[in-house]
Amino acid sequence: MKIIKLKIENQFMIIMLSCLMFAGLGKTIAQDIKWLGVSDLQGFVTDIGAEYEGQATTGNANFFSWPVLYGTDQNTTRMRGFWIGCKNFDDPVEGKVKSVKVIGSGPRNASDRPNEIFVTDFKLVGKSYHPKVVVDDQNASPLDNLDMIDSVDENMQADRMIITKFNTSIGISVVKKVSVYTSPNHGSYFINDYVMTNTGIINAKGDKKVQTLHDVFFYWVYRYAFAGVTSSGWGSTWGAFASCWGNSTVNHAFGDNMNAAEFKDPNNPLYQMRGFYSWYGPSKDRTVTYAEDWGCPNESDDGVLGSAKYAGCVTLHADASPQNTADDLSQPKTTWFIGSDITAMSGNVSQYDEVFMSDRYTIMSEGHPDKPHDAYVGDDYAINYTDPRRQSGGGTSQGQGYGPYTLAPGESVHIVFAESVTGIS
């Protein structure tokens, strides 16, 4: 009797320990998301710094939808990436100086990411609670599921703000704030505010490696895809299936030439503007001609334009240095477009693979092209531009890299940009 009892107790203990181990594992590897769902432009924000490919569960697995009045399948974005890199990093894990160190989140979900990003806080703050809508004693507002705020701040400027904080294995701690407004005149953009500080914290336990970080670059990359309602789910309605992942997307960066007349003219709309925008280019997979495919019209029915929208980013502020918080008009220093499916964009990445990290650092810091992506494409299908570095068959993403910065222990860099989607109403 005692033997049976002991066996049962032992089995129970093994089951309990296994559950605890898996619970801890899930906490380490899993990521959380929160929605910004109160404006014309809606999307989720992840706690790990960037929204990677496949993380979305809406429509054709894309996200960042506008105008949501016509449904969440009005999406525009396939994936984002956020990388941090530096040179001559004294790596405490390997016990040696690495010529280059790059860590980050996205554009794919790398298996090593839980060893690079360590989330410490994640919350949605609202200026007020959304109105309650009750029909037949039942909550009847979609905001009851999307707009789940953690706290109220009546004095904040924006209507909603997601705040995420995380440490990284490169020793830089990040505070990211994403703000939105409900005003009809300001509902088509998200404001992204980043403060990156050299805290020296290099793991989830809070251990520190105090060192000055040299030639630091902060890099964001965007893979826009404008199939939206034209290719809902994964079964095409009238659009090209491949446009779901952006193989027809065209990008145009601007503002990298500070000597250009429009950049220096205060009366010009492009005065001191640095950014890029992307749009749906005609697709070879469609039954209509190149000239007939602008906006992806439903040629077999009512001719409605399913992809008549643009997405992109504009820099609002980038510190000149940790000691000089004035806006550096020469930032971002990198505006090259890059192939969405090249090896450096994959999830098979290790922060100790120096060859891989060097490739990523080159992408982050390679400067400006002689002309933007759309000029290389010209009056042709985007997929026909076959530079293997910039277009390997899956489409072309647009990158923005800020740096190089030198960050002594305790020093910070502040970068702010707006990401927007708009188009024909």
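# Backbone, cavities and cores of a predicted model

Asn88 lies in strand β4; strands (E, at least two residues) and helices (H or I, at least four) are DSSP runs numbered from the N terminus. The model is predicted, so local features require pLDDT of at least 70 and side-chain atom pairs pLDDT 80 or more, while totals for chains, interfaces and linings use all residues. Residues are numbered from 1 along each chain as its sequence is written, and side-chain values use heavy atoms, with hydrogens and water left out.

**Backbone.** Most residues other than glycine have a negative phi, and most peptide bonds are trans. Asn88, although not a glycine, has a positive phi of about 55°. Its relative accessible area of 48% makes Asn88 partly exposed, where buried means under 20%, exposed over 50% and partly exposed in between (1.4 Å probe, protein chains only). Gln272 also has a positive phi of about 55° without being a glycine; this residue sits in the loop between α3 (261-264) and β15 (275-280) and is partly exposed at 31% relative accessibility. Two peptide bonds are cis: Gly106 to Pro107, with omega near 0°, and Gln331 to Pro332, with omega near 5°. Pro107 is placed in the loop between β5 and β6, and Pro332 in the loop between β17 (324-327) and β18 (337-339).

**Cavities.** A cavity is a set of points, on a 1 Å grid over the protein atoms alone, where a 1.4 Å probe fits but cannot get out; lining residues have an atom within 4 Å of a point. Grid points are joined across faces, edges and corners, and a volume is the space filled by probe spheres set on the points. The structure holds four cavities of 30 Å³ or more. In the table, Ala, Val, Leu, Ile, Met, Phe, Trp, Tyr, Cys and Pro count as nonpolar, Asp, Glu, Lys and Arg as charged, and the others, Gly among them, as polar.

| Cavity | Volume | Lining | Classes |
|---|---|---|---|
| Largest | about 120 Å³ | 16 residues | nine nonpolar, three polar, four charged |

Glu51, Arg80, Lys176, Asn192 and Glu419 lie nearest the centre of the largest cavity, and β12 gives the most to its lining, with three residues.

**Nonpolar cores.** A nonpolar core is a set of buried Ala, Val, Leu, Ile, Met, Phe, Trp, Tyr and Cys residues joined through side-chain atoms within 4.5 Å. The largest has 54 residues, and Phe218 and Trp220 are among those with the most contacts inside it; β13 gives the most to this core, with six residues. Contact means heavy atoms within 4.5 Å. Not counting residues up to four places away in sequence, Phe218 touches residues including Phe82, Ile172, Met196 and Ile415. A second, separate core of 17 residues includes Val102, Ala344, Met345 and Ile363.

Leu124, in strand β6 (residues 117-126), counts as buried at 1% relative accessibility. Leu124 and Ile162 are 38 residues apart in sequence, yet 4.4 Å apart in space, C-alpha to C-alpha. With a disulfide taken as a pair of cysteine sulfur atoms within 2.5 Å, the count comes to zero disulfides. Cys86 is buried, at a relative accessible area of 1%, and Cys313 is buried at 3%.

Terms used
On a 1 Å grid over the protein atoms alone, a cavity is a set of points where a 1.4 Å probe fits but cannot get out, and a pocket is an open set with protein on both sides within 12 Å along at least five of seven lines; lining residues have an atom within 4 Å of a point.
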